[in-house]
Amino acid sequence: MSTFTKAVAHMRSSKTVMISGGTLLAIAIVALIGPWISPNDYMTTDFDRLFQSPTFSSMNLFGTDDLGRDLFVRTMLGVQVTLVVAVVASVVSLVIGVLYGATAGYIGGRVDTVMMRFVDTLYATPFIFFVILLLVVFEQNFLLIFVAIGAINWLDMARIVRGQTLSLREREFVDAARLIGVSTPRIILRHIAPNLIGVVIVYVTLTIPQAILIESFLSFLGLGIQEPQTSLGNLVSGGALQIEGASWMLLIPAALLAIILLSFNFLGDGMRDVFDARQSR
Amino acid sequence: MSLLEIDGLSIGYGGVDIVSGLSFGVDASESVGLVGESGSGKTQTALAILGLLPGTAAVSGSITLGGQEIVGADDATLNALRAEHVGMVFQDPTQALNPYIPIGDQLRRILIQHGLADGSDADQRVMHMLDRVGLPDAARQFRAYAHQLSGGMRQRVMIASALIAAPDLLIADEPTTALDVTVQAQILELLERIRDDTALLLITHDLAIVAGHCERMLVLQDGKLIEEGKTRKLFSAPATEHTRALIDAAPRVDTAASPQPVSGEPLLDVDNVSVSFQERDRQRQLHAVQDIDLELREGETIAVVGESGSGKSTLARSVLGLIPMRTGRIVFCGKAIEGPVQSRAIETRRDLQLVFQDPAGSLDPQMRVERIVAEPLAVHAPDLDGEARKARVISMLERVGLSDAFLQRFPHELSGGQAQRVAIARALIVNPKVLVCDEAVAALDGSVRREILLLLRKEQQETGLAIIFISHDLAVVRSISHRVLVVYLGRLVELADGEQMFTKPRHPYTRALLDAVPVPDPLAPGGRLSVKGEMPSILEPPSGCAFHPRCSYAHARCKAELPRPRTVDGTRVACHRAEELLERF
Amino acid sequence: MLRYTLRRLLGAVPTLLLVIVLAFLLVHAAPGGPFDDQRVLPAEIEANIAAAYHLDEPLYQQFLRYLGGVVRGDFGPSYSYRDHTVSELIGRSFPVSLRLGVLAMLLASTIGILAGIVAALRQNSPLDKVVMGLAMTGISIPVFVIAPVLVLFFAVKLQWLPASWTGSQGSSRLLLPVVSLALPQIAYVARLTRASLIDVLSSDFIRTARAQGLGTAAIIRYHALKPAMLPVLSYMGPAVAAILTGSVVVEQIFGIPGVGQLFVRGSLNRDYTLVLGVVIFYASLIVALNLIVDLLYGAIDPRIRRR
């Protein structure tokens with residue numbers, strides 16, 4: 001049994017991981033095929049059916065909004081956008097963070113000091129406001145949002161990967177490999193990287209909800225995804241304006257957003273337990 | 001009735017008994033040694049006496065202290081017993097003292113908690129206690145934090161805290177395992193002297209300590225008491241095979257014979273090597289190793305001995321190219337080698353191998369034994385096909401005493417001894433000429449240690465392997481070293497043939513080290529209080545001879561002038577007074 | 001301690017400078033000037049405006065001029081609120097935000113720490129599971145979801161509390177915004193306190209204290225609380241940043257005339273000087289609070305202090 005299949009086996013034995021992972025998978029599947037099956041689409045307005053509460057009759061399962069658009073399809077679309085933004089942004093932060101952190105950690109010494117001082121400096125800056133500034137100055141677009149979120153989140157990843165690399169580098173098995181004559185690239189590939197995977201997987205899982213949070217925050221302020229496209233943040237924002245008459249417009253997307261974030265957080269926590277247990281044995 | 005009475009004590013976790021059916025007693029004011037290898041249940045027993053076992057432990061049987069039952073007692077009862085009736089000294093004083101609170105306050109809190117004193121009265125008693133355990137300037141140290149004290153001083157504070165409420169029983173769990181041998185002697189002497197009528201239960205893996213400090217001893221194996229009796233009687237006529245094996249495995253610094261010097265070809269010449277580190281934050285240089293010369297012959301074992309911080313590991317690592325040298329030269333097989341290990345010729349890298357102290361840490365946790373042992377072959381014998389490589393791995397494992405059943409194991413599935421065998425197999429599979437063992441047996445139990453030493457000896461005899469054996473433990477190196485190098489604060493103190501070093505040391509420091517080592521023999525227990533103080537910080541080395549502040553033979557010259565190593569009576573020694581002192585040792 | 005303080009103070013300068021440079025460059029890299037959306041002006045009037053805002057100078061001079069102003073607390077005139085300087089606008093709205101933020105921080109730290117301690121002491125009990133489940137929910141639900149949902153239930157359905165700032169008076173109008181802001185932070189602090197206290201309680205020196213006969217209450221008070229609070233203290237820096245971010249949303253939802261609302265309005269109006277000013281103001285606030293946290297940390301942990 002390889003290390004990977006063992007990790008998978010451990011994850012399968014963790015109830016937290018299975019439940020939260022299953023929930024996310026189910027949401028993703030429904031979000032993907034829901035709009036395709038539904039007779040409604042996301043941008044057709046229907047002034048005969050404004051503020052329709054959830055109903056089966058016209059398949060407006062989540063009701064309609066102030067323009068009579070079907071909220072089920074819009075919400076599912078929002079989930080899609082939210083998940084895509086989150087995953088892509090996390091991949092951005094993963095790539096930057098791992099490369100930066102591993103470099104600083106493995107080279108060490110003065111290079112490490114300078115690189116980490118830079119990260120510390122960025123840490124102390126209110127990045128979210130920079131992102132807002134960025135979105136105000138330049139026209140809002142999808143790409144910018146990915147980049148902006150990724151640019152915030154890579155800091156954590158870089159710190160963690162750097163710390164881990166640094167401690168791995170000091171471990172005796174790395175010294176042993178150097179003495180045997182294993183080349184540096186091979187040491188990184190065969191000895192450092194495999195021992196980093198656990199921590200990276202855990203932190204990617206925990207970065208995703210943060211990315212979702214930032215994206216929906218920006219969309220809530222009207223700086224993220226633009227109409228007629230939508231994301232869960234936009235839907236919550238729209239719903240918040242209609243709470244007196246059409247509370248479903250707020251509650252359904254809000255609940256979905258909360259469930260998605262909760263599931264990712266539980267998934268990350270569960271994975272950490274799985275990997276911690278493996279490390280400490 | 002005994003002061004401490006343990007009857008049928010069993011401690012289990014998840015249905016597995018760590019301690020089973022243990023019964024023994026400790027009388028008032030006697031000293032009892034509780035010995036056993038790791039996993040024998042010694043520490044669990046100590047924690048049970050204090051009622052400190054975690055909630056997950058299933059405890060049955062009875063423990064009474066002064067008639068009070070401890071098993072199943074409530075917190076209030078236990079808290080009243082602790083400190084006032086039973087004091088505890090833990091192994092590692094660095095971890096056992098709170099780093100966030102001045103030590104005086106920690107001691108004070110005990111008195112207040114038990115209603116024994118408060119206000120300035122408590123302060124007085126704390127200072128008196130700190131003074132009694134030998135803390136210089138106790139009034140000032142009252143406000144000190146643990147990290148500002150040396151290891152020995154921390155353990156003195158720990159002892160003060162255990163005795164401040166005048167308990168009837170003192171439990172000391174491996175109280176000197178984390179300390180250097182000269183400090184160990186001081187701490188054990190202090191324990192003896194200060195405990196007065198307090199009974200002592202001394203828990204240790206080291207039979208030599210029991211031999212010198214306990215009237216009675218108990219031997220634990222796998223959670224069962226297998227033997228108990230007067231220490232002298234047990235040492236002279238052990239009733240069980242296990243006790244006999246424990247005594248035999250305990251190395252003796254006083255009598256064991258060192259192997260005769262070898263006359264092989266010179267293999268490795270370490271010439272005037274110095275290693276320095278830049279201290280963080282500040283601009284100071286830390287001179288970890290200074291001007292060390294060493295010549296290693298084929299088939300020879302040289303032990304490099306020193307207390308922690310003496311630079312012995314740094315020396316080895318710089319020879320191997322893991323740490324850059326500041327000055328000096330290394331000649332191997334007639335050719336100068338230099339630079340970091342990555343830039344060395346592939347044959348040189350093959351010929352110099354290392355075995356580490358922590359067997360688990362030196363094996364990649366993600367790899368199986370087969371891959372770990374085969375890895376050097378991938379570099380040094382890339383032409384081997386899979387089959388041939390596996391065959392080499394299997395035969396190598398057999399050489400170190402492991403079967404092919406271990407091929408698919410992960411490091412965490414190995415015991416300490418097995419992991420160390422795998423590490424040795426990895427080092428030896430490419431047939432190196434020199435093997436550096438950095439405290440390679442320090443983390444192992446006595447019996448396992450002996451097997452590993454025998455294995456190394458066998459390899460040396462069969463292949464002419466030269467070994468540099470780094471150790472803090474003089475007793476361990478005596479039986480295996482052709483020659484011994486003693487280092488202190490990064491400098492050579494003495495370099496001599498094994499037999500010479502152990503019978504006729506030339507340097508006061510070597511003499512002190514030898515005297516401080518306890519001997520597993522109740523009739524000649526060694527472990528004498530031989531030298532004052534502790535090794536100073538390498539950041540602030542004393543002037544002249546670095547040993548002079550602790551040396552009882554120091555003259556004015558020793559303070560002023562650094563003694564260069566010279567040859568006195570066939571021994572390299574760095575002492576101004578070596579000739580004069582010849583007669584005194 | 002003095003050296004430590006000075007070093008920390010000096011360390012904060014490059015951070016602030018970097019923030020100012022980045023923000024300044026970003027605004028000046030904007031496509032089109034600040035007056036683009038207005039009708040076409042005669043060339044000489046445009047030049048006058050440019051001169052008034054020093055847009056005709058080279059970039060580095062503009063920057064130095066701006067930096068000089070910032071040091072004196074002058075962020076220049078606002079583009080959209082023509083009669084006000086940015087400093088005036090911030091000065092007017094900050095007290096409202098400050099009150100909100102301080103109350104939320106107090107609420108978050110008291111309840112969070114208490115909940116964390118209780119959970120740690122009853123580790124793995126049903127109570128612990130409930131508290132931690134709630135905390136996980138708390139950190140998973142964003143402020144902009146909590147706030148409208150609270151409004152829906154407590155203001156719209158139950159009508160216990162006012163839904164907006166402007167329509168009411170007194171402290172009741174503070175309650176919902178403060179709770180919305182504090183909830184996620186309560187959750188973070190509770191999780192952090194629990195984890196850190198469990199960690200400290202498992203350390204050897206706690207075992208020593210137990211061996212000395214100290215009871216649980218005494219151990220927590222004298223031995224465990226100080227080290228257990230260190231991670232929580234470190235979190236106070238990020239917590240302030242999170243509260244500031246959250247206040248942008250909360251002020252928007254409840255219509256509170258604070259800095260957050262100012263910031264959002266400035267963003268939507270493309271009022272560059274205002275946005276730039278608020279970003280620098282927020283950054284200075286965060287840097288200053290991080291500095292205080294650092295110094296407090298040094299005061300509590302003797303190993304850092306003596307270094």
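1. Two residues are in contact if their C-beta atoms, placed from the backbone, lie within 7 Å. On that definition, 38 residues of chain C are in contact with 33 residues of chain A.

2. The model is predicted: local features need pLDDT of at least 70 and side-chain atom pairs count only at pLDDT 80 or more, while totals for chains, interfaces and linings use all residues. Residues are numbered from 1 along each chain as its sequence is written, and chains are lettered from A and ligands numbered from 1 in the order in which they are written.

3. On the side of chain C that touches chain A, at least two residues each come from helices H1 (2-28), H5 (126-140), H6 (143-157), H9 (216-254), H10 (259-269) and H11 (272-300) of chain C. Helices (H or I, at least four residues) and strands (E, at least two) are DSSP runs, numbered from the N terminus. H1(C) gives the most, with eight residues.

4. By class, this side of chain C has 31 nonpolar, six polar and one charged residues. Ala, Val, Leu, Ile, Met, Phe, Trp, Tyr, Cys and Pro count as nonpolar, Asp, Glu, Lys and Arg as charged, and the others, Gly among them, as polar.

5. Chain A has ten helices and zero strands. Its C-alpha atoms fill a box of roughly 80 × 45 × 25 Å, taken along the principal axes.

6. Of the 281 residues of chain A, 52% count as buried (20 or more other C-beta atoms within 10 Å of the residue's own, C-beta atoms being placed from the backbone). In helix H9 (residues 232-240) of chain A, nine of the nine residues are buried, so this helix is largely enclosed by the rest of the structure. Among them are A:Leu232, A:Asn234 and A:Ser237.

Notes
Buried ≥ 20, exposed ≤ 12 C-beta atoms within 10 Å, placed from the backbone.
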